[in-house]
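Please read the following explanation alongside the sequence and the 3D view. The text goes from the overall arrangement to single residue pairs.

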Amino acid sequence: MVTNLALNAREAGASQLRVGTTEAGNWAIVEIADNGSGMSADFIRNSLYRAFQTTKKNGMGIGMFHSKMIVEAHGGRMAVESTPDKGTTFRVFVPISS
């Protein structure tokens, strides 16, 4: 999942990629932020996590769909903030088991 997000950032023209982790309550959070081309709110809302939806010339549109399914299978969730021409930040929340 992190590899997929890093590759997406590179393909979106990012020259910077930040990866960090933190803990909040019962969640482990992985944050992946880039300064790539960003995504429109419409694309995020209607296409980002759908299979076979892509903005890439050679993309198949399964990476984000697959990543989201894996995270959710572990009881987690994904959140995204993005601004066209500025970049994107993904946060992956995974429950911490005790």
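This is a predicted model: local features need pLDDT of at least 70, side-chain atom pairs count only at pLDDT 80 or more; totals for chains, interfaces and linings use all residues.

Residues are numbered from 1 along each chain as its sequence is written, and side-chain values use heavy atoms, with hydrogens and water left out.

Four strands make up an open sheet with antiparallel pairing, in the order E1-E2-E4-E3. Its edges are strand E1 (17-24) and strand E3 (77-83), each of which pairs on one side only. On average, neighbouring strands of the sheet are turned by 15 degrees against each other, direction ignored. Strands (E, at least two residues) and helices (H or I, at least four) are DSSP runs, numbered from the N terminus; two strands pair if DSSP finds at least two bridges between them. Angles run from 0 to 180 degrees between N-to-C directions, and axes are lines fitted to C-alpha atoms, for helices over the stretch in contact.

E3 and strand E4 (residues 87-95) are joined in the antiparallel sense by 7 bridges. Val 80 has Phe 90 in E4 as its bridge partner. Helix H1 (residues 2-11) packs on the sheet and touches E1, strand E2 (27-34), E3 and E4, with its direction at about 20 degrees to that of E2. Contact means heavy atoms within 4.5 Å. Helix H3 (residues 63-73) lies across E3 and E4 and runs at about 140 degrees to E3.

The loop between helix H2 (41-46) and H3 contains Ser 47. Is Ser 47 buried or exposed? Ser 47 is buried, at a relative accessible area of 14% (buried means under 20%, exposed over 50%, partly exposed in between, with a 1.4 Å probe and protein chains only). Leaving aside residues up to four places away in sequence, Ser 47 touches Asp 42 and Gln 53.

The whole structure has 4 salt bridges, each a side-chain nitrogen of Lys or Arg within 4 Å of a carboxyl oxygen of Asp or Glu. One of them links the side chains of Glu 31 and Arg 91 (2.8 Å, N to O). Glu 31 lies in strand E2 and Arg 91 in strand E4, so this pair ties together parts 60 residues apart in sequence. Arg 91 is partly exposed, at 23% relative accessibility. The side chain of Arg 91 also meets that of Glu 81 in a salt bridge (3.1 Å, N to O).
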